[in-house]
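Trainee: I have a new model open. Can you show me how to read its features, one at a time?

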Amino acid sequence: MPFIIFILIILALIILIANIKIVPQAHSYIIERFGGYYASWDVGLHFKVPFVDRIAKKVNLKEHVADFPPQAVITKDNVTMQIDTVVYYQITDPKLFAYGVERPMMAMENLTATTLRNIIGDLELDETLTSRDTVNTKMRSILDEATDPWGIKINRVELKNIMPPKEIQDAMERQMKAERERRESILRAEGEKKSAILLAEGEKESAILRAEAKKQAAIKEAEGQAEAIITVQTAVAEGVRRINEANPSDQYVALKALESFEKAADGKATKIIIPSDMQGLAGLATSIKEIIKTN
């Protein structure tokens with residue numbers, strides 16, 4: 001009898017220990033009692049009533065990433081393409097996630113596919129390729145609202161790959177190549193234009209500098225000639241002033257006049273006409289004869 005009691009005590013301890021549950025961080029356990037929802041266990045130590053309670057579902061509350069396979073969609077301009085999506089979601093209500101929908105991941109995949117088809121169906125091919133952010137935002141908003149009764153929050157939706165048909169890809173590549181060649185031609189033409197402008201401006205500035213240099217040289221030369229003329233005239237005036245101050249005789253004046261005639265002849269004249277008043281000067285007759293003989 002004591003042995004049976006000991007065995008029963010051991011069995012009771014084993015059952016009690018087996019029904020002690022520890023819920024780890026970022027998890028939640030759904031507990032059912034007699035087949036109905038009873039509680040949601042959060043992080044910590046919990047005790048499950050043997051044969052009465054059962055853990056119906058263990059829910060991971062971390063953020064999940066669902067990479068759905070490519071879906072065939074048709075754009076507004078009747079182009080069929082393959083698009084695969086990545087959905088980042090998090091379970092916010094374990095009870096709704098457990099009881100809201102059967103197979104929630106499959107339901108979310110189908111909902112994602114239909115939402116994607118509806119959005120892309122309103123866009124043309126070019127808009128689809130250039131409006132990823134818009135499509136992502138619309139899908140996140142629609143999916144978040146639709147999955148809210150399931151206890152799921154959609155944090156982000158991304159279009160992973162957009163794969164147009166092969167002929168469309170080839171046409172796009174040719175278009176991109178033509179666009180690059182056009183830009184290259186424009187850049188080359190602009191470079192040549194700027195080069196020609198710079199060359200013309202350089203020649204213009206060079207011509208201006210040459211003209212300015214000639215102008216300055218002519219000005220300096222004219223200033224030099226003017227200064228020379230002024231110097232000569234000043235010297236002549238000074239000589240005349242000194243002669244006048246010295247009160248020269250008539251003979252000296254006549255001699256200077258005769259020298260002037262000699263310079264005017266410059267060794268080429270055959271005759272020199274002497275004024276009558278100079279011929280009366282007896283002292284100058286010999287000089288006149290010598291000059292006539294010389295010429």
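Trainee: Which residues does isoleucine 154 touch, leaving out those up to four places away in sequence?

Mentor: Remember that this is a predicted model. Isoleucine 154 touches Val87, Tyr88, Tyr89, Met108, Arg140, Leu143, Asp144 and Thr147.

Trainee: What is the size, in residues, of the largest nonpolar core, and which residues have the most contacts inside it?

Mentor: A nonpolar core is made of buried residues joined through side-chain atoms. The largest one here has 28 residues. Ile83, Leu116, Val135, Met139 and Ile154 have the most contacts inside it. Strands S8 (80-91) and S9 (152-163) each give two or more residues to this core, as do helices H3 (104-120) and H5 (132-147). Another core, of 5 residues, lies apart from it, with Val23, Ile31, Ala39 and Trp41 among them.

Trainee: Is aspartate 53 buried or exposed?

Mentor: Compare its relative accessible area with the cut-off. Buried means under 20%. Aspartate 53 has 5%, so it is buried. It lies in strand S5 (residues 53-60). Beyond its sequence neighbours up to four places away, aspartate 53 touches Ile31, Glu32, Arg33 and Lys48.

Trainee: How many salt bridges are there, and which residue pairs with aspartate 67?

Mentor: The structure holds 7 salt bridges. Aspartate 67 pairs with lysine 160, with the closest N and O atoms 2.9 Å apart. Aspartate 67 is in strand S6 (residues 63-67) and lysine 160 in strand S9, so the bridge ties together parts 93 residues apart in sequence. Both are partly exposed: aspartate 67 at 44%, lysine 160 at 40%.

Trainee: Where do arginine 183 and glutamate 179 lie?

Mentor: Check the sequence spacing. Both are in helix H6 (residues 166-246), 4 residues apart, about one turn of the helix. Salt bridges that share partners join Glu179, Arg182 and Arg183 into one network. For arginine 183 and glutamate 179, the closest N and O atoms are 3.2 Å apart. Arginine 183 is exposed at 52%, while glutamate 179 is partly exposed at 28%.

Terms used. Residues numbered from 1 in each chain as written. Predicted model: local features only at pLDDT ≥ 70, side-chain atom pairs only at ≥ 80, totals over all residues. Heavy atoms only, no water. Buried < 20%, exposed > 50% of the residue type's maximum accessible area, 1.4 Å probe, protein only. Contact = heavy atoms within 4.5 Å. Core = buried A, V, L, I, M, F, W, Y, C linked by side-chain atoms within 4.5 Å. Salt bridge = Lys/Arg side-chain N within 4 Å of Asp/Glu carboxyl O.
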